[in-house]
Amino acid sequence: HLKAFQQRYLVNNNLNLAITGQLTLEQAQHIAQQITQQLPLGEKAPPLATAAPLTKAQFISLPFQSNQAHIMIGQIGLKRDDPDRIAMEVGNEILGGSGFTSLLMQALREKHGFTYGVSSQVSSLQANGIFSLSYATQQNQLLDSLKVTYQTLFEFLEHPIDPILVETTKQSILRRLPQSYSNNANLNAQLGSIGFYQQPTDTLEQYIKDIKQISAEDVQRAWRKHFKKDQLLTVIAGHQINIDQIEQLYQHMLLQQDAQ
């Protein structure tokens, strides 16, 4: 299997080569030629299959002997070229990607003390990425913590997002951006990403412009479009997890939210 993978994908026509460092263009071209000469020509890999989303919520329990339960909640996300990608990323910063100031951290840790830390992420790839959030909590706090988590998610979708919060989040993203180019390895990773996703050469400049243009309405519209609150996957690793009880809690909160 490994040999077949190598012969199929590690070929010239499927190559994305990024080089950074104290080199002239001629030196970089020479290195690239040395690398490519050792690889067979081959064929470009076919497009990746589109992942199918769930048609309804699912709940999985993984037996694990621990004082804590470990929770991950998520669903299928976006492709890299989706026009709503940046709006989803800004929304994720507000929801769970911005550390101690995120809505999930404020609800689960600061207000209730259910967990030391919770975070969420939105990834976008050549095929569908994922949305996921994860945290750990004491076994006897599992149901209460899930209630707060689901409630925070649902309210984020339904309640208007504060435009001031969106603006401060955008500024935070832009202030952190230079860290992505702070050393040679980071530069190479960014250059490689541009090539891998076949993005235009002004991608980084355009990203800054796109961030600045995002509004609270854009964020809410994108999340309501792509985030399916009735199709979440909840995975819990822990000791003696009552998965039926968790599903009942989830369905009850869905009905409660829809009735408001």
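These legends go with a few close-up views of a predicted model. Local features need pLDDT of at least 70 and side-chain atom pairs 80 or more, while totals for chains, interfaces and linings use all residues. Residues are numbered from 1 along each chain as its sequence is written, and side-chain values use heavy atoms, leaving out hydrogens and water.

**View 1. Helix α3 meets helix α8.** Here α3 (residues 85-97) and α8 (residues 203-213) pack at about 65°, with axes 10 Å apart. Helices are DSSP runs of H or I, at least four residues long, and axes are lines fitted to C-alpha atoms over the stretch in contact, with angles from 0 to 180 degrees between N-to-C directions. Ile 86, Glu 89 and Val 90 of α3 touch Tyr 207, Asp 210 and Ile 211 of α8 (contact means heavy atoms within 4.5 Å).

**View 2. Phe 5 pairs up with Tyr 9.** The ring centres are 4.8 Å apart and the planes sit at 45°, so this pair is tilted. Rings of Phe, Tyr and Trp (its six-membered ring) pair if their centres lie within 6.5 Å; planes under 30 degrees apart are stacked, over 60 edge-to-face, and the rest tilted. Both residues belong to helix α1 (residues 2-9), and being 4 residues apart, they are separated by about one helical turn.

**View 3. Tyr 150 and Phe 154 make a stacked pair.** Their centres are 6.3 Å apart and their planes at 10°. Both residues are buried (under 20% relative accessible area, with a 1.4 Å probe and protein chains only). Together with Phe 59 and Tyr 250, they form one aromatic cluster.

Key: Helix = DSSP H or I, 4+ residues; strand = E, 2+ residues; numbered from the N terminus. Buried < 20%, exposed > 50% of the residue type's maximum accessible area, 1.4 Å probe, protein only.
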